[in-house]
Structures are given as C-alpha cells and as structure tokens.
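Work through the exercises below with the sequence and the model at hand. Each task is followed by a solution in steps.

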Amino acid sequence: MEQICVVTTVVDARSVADVLAATAVAGRLAACAQVGGQVDSTYWWQSAMETSVEWSVQFKTAPDRVDALVDQIRASHPYEVPEILVSRVASGNPDYSTWVHEQTRP
C-alpha cells in the first residue's frame with residue numbers, strides 16, 4: 001500500500017479554515033482539504049486554562065509535498081503557536097493514492 005499524508009490544524013473561524021483549505025488546494029500542496037464542523041477545545045495558554053470554539057482542517061497530500069504544505073500553513077495561520085499534525089497513513093485504495101500524488105504536482 002502506498003502512503004499518503006494527512007495534515008491537520010485548527011483555527012478560530014470558519015472563514016479562516018476555508019481560506020487555508022482553498023489556498024492549499026489551489027497551490028497544489030494538497031489534493032483535497034476538508035473543513036470539519038466546530039469543535040470545543042480546552043487547553044493551557046499563557047498559564048491559564050482556555051476553552052474556545054475552533055474549526056478543523058484536514059489536508060490530504062503526497063509525502064514529498066508535506067514540508068511545503070506545513071510551511072504554507074504556518075505562514076498563513078493566525079495562531080502564535082498553531083497545531084499542525086502530520087500523519088503518514090497507508091491508503092487502502094491505490095487509485096486514491098495515485099490521485100493524491102497526481103493532484104499535488106505543481
């Protein structure tokens with residue numbers, strides 16, 4: 001099975017999530033991006049416990065495009081310390097892996 005990468009982040013507004021998703025796909029850094037519904041996040045920030053509503057964005061990309069995608073997310077992200085998680089996963093469908101690879105070619 002061929003690997004693809006899933007890159008995930010969260011932001012504080014749906015409009016920001018939509019821009020991150022569209023920019024990554026338009027720039028061929030991700031084959032697709034999915035904006036998930038609101039999530040309630042609880043975390044420590046600047047010595048205090050915070051709770052906020054966030055939107056998740058999940059990007060599907062080829063392994064050789066991860067670094068460029070992460071760089072773009074970091075440059076565009078509104079958070080001082082953004083969560084950017086990268087998972088390498090085996091695709092159960094070789095046609096999907098091929099599609100992800102083809103769609104992330106500049």
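**Exercise 1: Fold and overall dimensions**

From the N terminus on, the elements of this chain follow the order β-α-β-β-α-β-α. The model is a predicted one.

Task: Compare the radius of gyration of the chain with the value that the globule rule gives for 106 residues.

Solution. Step 1: the radius of gyration is 14 Å. Step 2: the globule rule gives 13 Å for 106 residues. Step 3: the two values are close, so the chain is as compact as a globular protein of that length. Step 4: for the extents, the C-alpha trace spans about 45 × 25 × 20 Å along its principal axes.

**Exercise 2: Contacts and surface**

Task: State what share of the contacts between residues at least 6 apart in sequence joins residues at least 24 apart, and what share of the residues is buried.

Solution. Step 1: of the contacts between residues at least 6 apart, 73% link residues at least 24 apart in sequence. Step 2: 33% of the 106 residues count as buried. Step 3: the accessible surface amounts to about 6200 Å², and carbon and sulfur atoms account for 51% of that area.

Methods: Residues numbered from 1 in each chain as written. Predicted model: local features only at pLDDT ≥ 70, side-chain atom pairs only at ≥ 80, totals over all residues. Heavy atoms only, no water. Helix = DSSP H or I, 4+ residues; strand = E, 2+ residues; numbered from the N terminus. Rg over C-alpha atoms; globule rule 2.2 N^0.38 Å. Buried < 20%, exposed > 50% of the residue type's maximum accessible area, 1.4 Å probe, protein only. Contact = heavy atoms within 4.5 Å. Areas by Shrake-Rupley, 256 points an atom, 1.4 Å probe, with all protein chains shown as cover.
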